[in-house]
Amino acid sequence: MQILKRLCYFLVSAELLLLIDWSWLFLKNEIKVKFSALSENEGFARSVISAFIVQLNPTVTEMADIRTAVSEAVTNAIVHGYKSTEGFVDLVAKILSKDELYIKISDKGCGIADIDQAMQPMFTTDTNGERAGLGFAVMEAFMDTLIVKSTLNKGTTIIMRKKLGVPPLDDNF
């Protein structure tokens, strides 16, 4: 029983270590931008991240993937986090060692009640039927790592990481 307790403690501790932002240890460059939660600023966020990562000389595909993932995260914050109320979206981007990109997008909106459910493809809280419910699926597909943290009535933070310059897996190898 003691071994089982220690194993459980280790697993919980290891999971907590994954949630800690260790990126500051490897920081090469960083930006922080705060903007109003308006749909007009989705394009602004895409432009900001594009201008920042151009120094990494990304491929066209990498640039498109990152821009799209950021756009989805910002859209989620504006549309679902604030639900037509005023607020701000924070975007932090960091270039880490070995050309790894770290992106954090956060809001202080309504939060997500059930993160696992929200991350299911086709799930949406949009009652108007204008949203497809693919935002998290797109972010997950285009980035190497996706972590979602949320507290009801306090907001949501999305952390994404991507290693640039890694060739895609070739099934014909």
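## The loop between β4 and β5

N153 is placed in the loop between β4 and β5, and in this predicted model the phi angle of N153 is near 65°, a positive value in a residue other than glycine. With a relative accessible area of 67%, N153 is exposed, because exposed residues are those over 50%.

K154 is found in the loop between β4 and β5 as well, and at 61% relative accessibility K154 also counts as exposed. Leaving aside residues up to four places away in sequence, K154 touches D107, K108 and G109. K154 and G111 are 43 residues apart in sequence, and yet their C-alpha atoms are 6.0 Å apart in space.

## The loop between α2 and α3

In the loop between α2 and α3 lies N57, whose phi is near 55°, a positive value in a residue other than glycine. The relative accessibility of N57 is 66%, and therefore N57 counts as exposed.

## Helix α2

Which residues of α2 are buried? They are N41, E42, A45, V48, I49, S50, F52 and I53, and what covers the buried residues of α2 includes β1, α3, β2 and β3.

## The largest nonpolar core

In soluble globular proteins, nonpolar side chains tend to be buried together. In this model, the largest nonpolar core has 35 residues, and those with the most contacts inside this core are I66, V70, V89, I103, I105 and M160. Two or more residues of the core come from each of the helices α2 (41-53), α3 (60-81) and α5 (135-142), and likewise from each of the strands β1 (29-36), β2 (88-96), β3 (100-107), β4 (145-151) and β5 (155-163). Which element gives the largest share of this core? That element is α3, from which eight residues come.

M160, one of the residues with the most contacts inside the core, touches A69, V70, A73, L101, Y102, I103, I105, M139, M143, T145 and L146, when residues up to four places away in sequence are not counted. Among these partners of M160, V70, I103 and I105 are themselves listed with the residues that have the most contacts inside the core.

Terms used: Residues numbered from 1 in each chain as written. Predicted model: local features only at pLDDT ≥ 70, side-chain atom pairs only at ≥ 80, totals over all residues. Heavy atoms only, no water. Core = buried A, V, L, I, M, F, W, Y, C linked by side-chain atoms within 4.5 Å. Buried < 20%, exposed > 50% of the residue type's maximum accessible area, 1.4 Å probe, protein only. Helix = DSSP H or I, 4+ residues; strand = E, 2+ residues; numbered from the N terminus. Contact = heavy atoms within 4.5 Å.
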